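Subject: Structure for your review

Hello,

Please find the structure below, with the sequence. My notes on it follow.

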Amino acid sequence: MDARERVLRALNREEPDRVPTFEIGITNDDIAEKIMGTSLTKGTLRAAWDMRHKPFWRYFRKRRTMKYSPDLYAKSVLVMSKIGFDSCSLGVLLQFTKCKYPTWDTYIDEYGRKFQLKEYSGTEMGSYVGGGFKSPEDYYAWGPIDPYHPIRERIYKRAQEVVGDKIFIMPGIMGFFESTWEIFGFETFSKLFIQNRKFIERVFEDHKKLAIETAKYMMDLGAEALVLYDDYGHKSGPFISPKDFRKYIYPCLKEFTQTCHKRGAKVLLHSDGNLNQILEDIVKADIDALHPWEPQANMNIIEGKKEYGGEICVVGNVDPMHTLSEAPPEAVREEVLKLLENVAPGGGYILSSGHSIHPKVKYENLMEMMKTVQRYGKYPILIPEKQQV
């Protein structure tokens with residue numbers, strides 16, 4: 001069974017030959033260099049870091065958007081393929097199609113979110129630092145985002161050229177809530193949500209249409225599954241009340257999933273935070289899978305499988321902050337075995353980290369995770385003591 005069939009069977013809540021694996025992304029240069037002998041960011045963010053106060057951004061925007069981005073993203077997918085993942089997401093929104101560069105180390109992406117170049121454990125990456133807009137006027141002046149910009153096809157096609165059928169690529173699309181509050185920053189968003197609710201509804205609607213049109217574009221290019229990035233919660237609960245979620249976000253999510261399903265594509269929702277108060281609503285929106293059941297946010301994937309395993313595929317959730325970053329490999333093996341024993345039986349399960357392969361994840365721990373699932377994740381699931389030697 002190849003990666004594509006393995007993942008699609010799990011998304012259909014069936015048992016494939018073994019538990020498939022997924023990763024939303026890798027931002028760990030140390031692991032990339034061990035796997036590939038090359039940095040993920042060398043020649044792009046590294047160049048910006050080294051050039052510092054030189055007038056670099058104009059060149060960076062032009063060259064990276066149409067030349068560097070496809071190769072940079074393809075390199076990331078290739079690393080995940082060589083690690084052994086069956087599937088991954090590939091961001092086709094959040095590109096450098098219309099940006100501003102306030103300083104040498106900051107940029108505003110195509111949505112209007114401000115990022116700053118920072119170094120984390122040896123990896124240079126853009127870190128969200130606030131909204132690029134302060135008012136509705138700023139938003140309207142920015143103008144619409146083009147869902148059909150050719151960079152999106154180039155990124156997707158280039159990654160497919162590089163990895164072939166070795167890993168199942170799911171185009172990643174920004175959702176409706178996270179993209180809305182992040183373009184203003186949460187404080188300004190909250191004020192607007194109270195004082196100018198009609199305007200925020202308009203932004204939700206704009207971002208829903210953008211997500212749907214981009215999804216159609218990717219499905220026209222052959223995508224069979226899509227990842228929707230939309231964080232709905234912080235560590236202790238949802239960002240907005242369950243009542244407001246049902247009124248404003250649920251209809252957007254439902255329309256997005258229905259659009260994809262009409263074309264035969266699956267939808268995996270990536271949403272961090274504690275979603276317990278809105279989890280039933282998310283499932284009712286007809287998503288096919290939910291990732292990552294964040295361990296640090298009190299999301300219990302074992303209970304989630306028991307409660308919702310008949311309706312969605314669950315994807316997760318080896319703890320990336322402690323188990324993959326700080327614990328010994330033996331603890332990784334133990335956590336993976338617990339997930340295989342309690343979540344995998346019956347199908348409808350894809351193993352991944354509880355977020356992503358970030359800069360602090362240890363190489364040996366990641367390899368232990370992959371080795372364990374590949375050895376013990378074959379159906380029917382048997383814990384090691386019950387397997388025949």
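This is a predicted model. I start with a strand pair, then go on to the nonpolar cores and one of the pockets.

Strands β4 (residues 113-120) and β5 (residues 123-131) run antiparallel and are joined by 8 bridges. Within this pairing, E119 is placed opposite E124 of β5. The hairpin that β4 and β5 form leaves 2 residues between the strands, and S121 has a positive phi near 50 degrees.

The largest nonpolar core here counts 118 residues, and Y232, F256, L340, L351 and M369 make the most contacts inside it. Helix α9 supplies the largest share of this core, with 11 residues. Leaving aside residues up to four places away in sequence, L340 touches V19, P345, L351, T372, V373, Y376, G377 and I381. There is also a second, separate core of 6 residues, among them C99, Y101, Y107 and L117.

The second largest pocket holds about 290 Å³ of space. Its lining is made up of 15 residues, and those nearest the pocket centre are Y139, G143, P144, I145 and D206. Two or more lining residues come from each of α5 (136-142) and α9 (197-220). The largest share, 6 residues, is from α9, the helix that also gives the largest share of the 118-residue core.

Regards

Key:
Residues are numbered from 1 along each chain as its sequence is written. This is a predicted model: local features need pLDDT of at least 70, side-chain atom pairs count only at pLDDT 80 or more; totals for chains, interfaces and linings use all residues. Side-chain values use heavy atoms; hydrogens and water are left out. On a 1 Å grid over the protein atoms alone, a cavity is a set of points where a 1.4 Å probe fits but cannot get out, and a pocket is an open set with protein on both sides within 12 Å along at least five of seven lines; lining residues have an atom within 4 Å of a point. Grid points are joined across faces, edges and corners, and a volume is the space filled by probe spheres set on the points. Helices (H or I, at least four residues) and strands (E, at least two) are DSSP runs, numbered from the N terminus. Two strands pair if DSSP finds at least two bridges between them. A nonpolar core is a set of buried Ala, Val, Leu, Ile, Met, Phe, Trp, Tyr and Cys residues joined through side-chain atoms within 4.5 Å. Buried means under 20% relative accessible area, exposed over 50%, partly exposed in between (1.4 Å probe, protein chains only). Contact means heavy atoms within 4.5 Å.
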